[in-house]
Structures are given as structure tokens and as C-alpha cells.
Amino acid sequence: MDAQDFSDTSQLKPSVVLTGTAKEGSAAPPIGLVDIGTSESAYLFRVALPGVCKDQSGKVKCEIQRDGRVHIEGVITGGVLKDTSTVYLMRVQELCPPGPFTVSFNLPGPVDPRLSSPTFRPDGILEVVVMKYRTSPLAGTIPPP
């Protein structure tokens with residue numbers, strides 16, 4: 001394999017659209033950083049969601065469409081500690097500010113959204129494996145009697 005094959009990675013970089021607080025978080029660990037991996041039969045994608053706790057992961061919605069379009073939305077909460085009702089005024093705001101966010105991107109090809117396994121890791125990474133869409137090699141043929 002030639003070194004030139006790896007020199008142009010721009011075509012591998014997904015186009016990611018951020019809205020809400022995901023768009024505003026510029027000085028912090030950015031929300032919405034996306035890594036995409038491929039295998040022969042599936043895609044793996046990881047999305048950075050700093051500020052979303054594991055116990056809030058149920059509030060994160062991830063929709064995967066057959067054409068490979070992924071849309072993630074949720075809400076980042078902030079200012080209130082888990083075990084107290086005390087509210088803090090943030091004097092330094094290095095993390096993504098509280099509020100709703102969306103992250104949208106395309107996988108390299110079509111997928112079967114029914115065959116996906118999402119995991120929300122304790123480090124704030126949403127990790128999903130989704131199977132590639134495969135047409136049956138026998139499609140259109142009549143099975144033998």
C-alpha cells in the first residue's frame with residue numbers, strides 16, 4: 001500500500017452539524033467530536049458528550065436512519081449538584097453551557113438501524129455499533145422446492 005493512500009484523510013472526516021449548546025462550547029472539551037470506524041459488516045461511531053452524566057444518558061436520544069444519517073439530541077444540565085438542591089452561579093464556564101444540543105452526521109454507507117447496540121460510557125462517550133445494510137445475495141431468486 002502506498003503512503004499516498006493515507007495522505008488525504010479529508011474524505012474520511014464526517015460532516016458534523018452542531019446546534020444549541022453544542023455549538024457554543026468553544027473553550028471546553030468540545031461536545032460532538034465524532035470518530036467513525038468500519039469493519040466488513042458494521043460501523044462503529046463514538047461521540048463525545050462531556051457534561052452528560054451516565055445517569056442522564058436516558059435523556060439522550062440517538063436516531064439512526066437507513067441511509068446512514070445519525071441524529072443525536074439531548075440536554076446538558078449544570079449548576080446543580082446531584083445530591084443537593086444548592087444552585088451555583090458558574091464564575092468560570094469552561095465546559096459546554098447547560099441547555100439542549102444536537103449532533104448530526106452521516107455514516108459512510110447505508111445501515112440497518114434495527115441492528116444497533118448503543119453504550120453510554122462513564123467517560124461521556126456515546127459508542128454505537130450498527131450493522132451495515134446488506135441486500136440478500138438471493139434476493140429476486142426463487143428458492144428450490
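Leaving aside residues up to four places away in sequence, which residues does K132 touch?

Modeller: With those sequence neighbours not counted, K132 touches T38, S39, E40, S41, A42, Y43, P110, V111 and D112. Contact here means heavy atoms within 4.5 Å.

Before going further, a word on what you're looking at. This is a predicted model, with residues numbered from 1 along each chain as its sequence is written. Local features need pLDDT of at least 70 and side-chain atom pairs count only at pLDDT 80 or more, while totals for chains, interfaces and linings use all residues, and side-chain values use heavy atoms, with hydrogens and water left out.

Back to K132, which has its place in strand 8. Helices (H or I, at least four residues) and strands (E, at least two) are DSSP runs numbered from the N terminus. S116 sits 16 residues from K132 along the chain, and their C-alpha atoms are 9.7 Å apart.

Strand 8 covers residues 125-132 and runs antiparallel to strand 7 (residues 111-120), with six bridges joining them. Two strands pair if DSSP finds at least two bridges between them. Along that pairing, P118 has V128 as its bridge partner in strand 8, and T119 stands opposite E127. The two strands form a hairpin with four residues between them, and in the turn G124 has a positive phi of about 85 degrees.

Strand 4 (residues 61-64) meets strand 5 in the antiparallel sense over four bridges, with K61 standing opposite E73. These two make a hairpin as well, with four residues between them, and G68 in its turn has a positive phi of about 95 degrees.

On its other pairing, strand 5 runs antiparallel to strand 6 (residues 99-106), and eight bridges join the two. V70 has F105 as its bridge partner in strand 6, and H71 stands opposite S104. Strand 5 (residues 69-76) has a covered face made of V70, I72, G74 and I76, while R69, H71, E73 and V75 make up the uncovered one.

F105 deserves a stop. Setting aside neighbours within four places in sequence, F105 is in contact with S15, V16, V34, I36, F45, V47, G68, R69, V70 and I72. A search of the whole structure finds one aromatic pair. The partners are F45 and F105, with ring centres 5.3 Å apart and planes at 75 degrees, so it counts as edge-to-face. For reference, rings of Phe, Tyr and Trp (its six-membered ring) pair if their centres lie within 6.5 Å; planes under 30 degrees apart are stacked, over 60 edge-to-face and the rest tilted. F45 lies in strand 3 (residues 42-48) and F105 in strand 6, so the pair ties together parts that are 60 residues apart in sequence. Both F45 and F105 are buried. Buried means under 20% relative accessible area, exposed over 50%, and partly exposed in between (1.4 Å probe, protein chains only).

The largest nonpolar core has 22 residues, and F45, V47, L49, I72, F101, F105 and L107 touch the most other members. Strands 3, 5, 6, 7 and 8 each supply at least two residues of this core. A nonpolar core is a set of buried Ala, Val, Leu, Ile, Met, Phe, Trp, Tyr and Cys residues joined through side-chain atoms within 4.5 Å.

Of its 145 residues, 30% count as buried. Among contacts between residues at least 6 apart in sequence, 63% join residues at least 24 apart.
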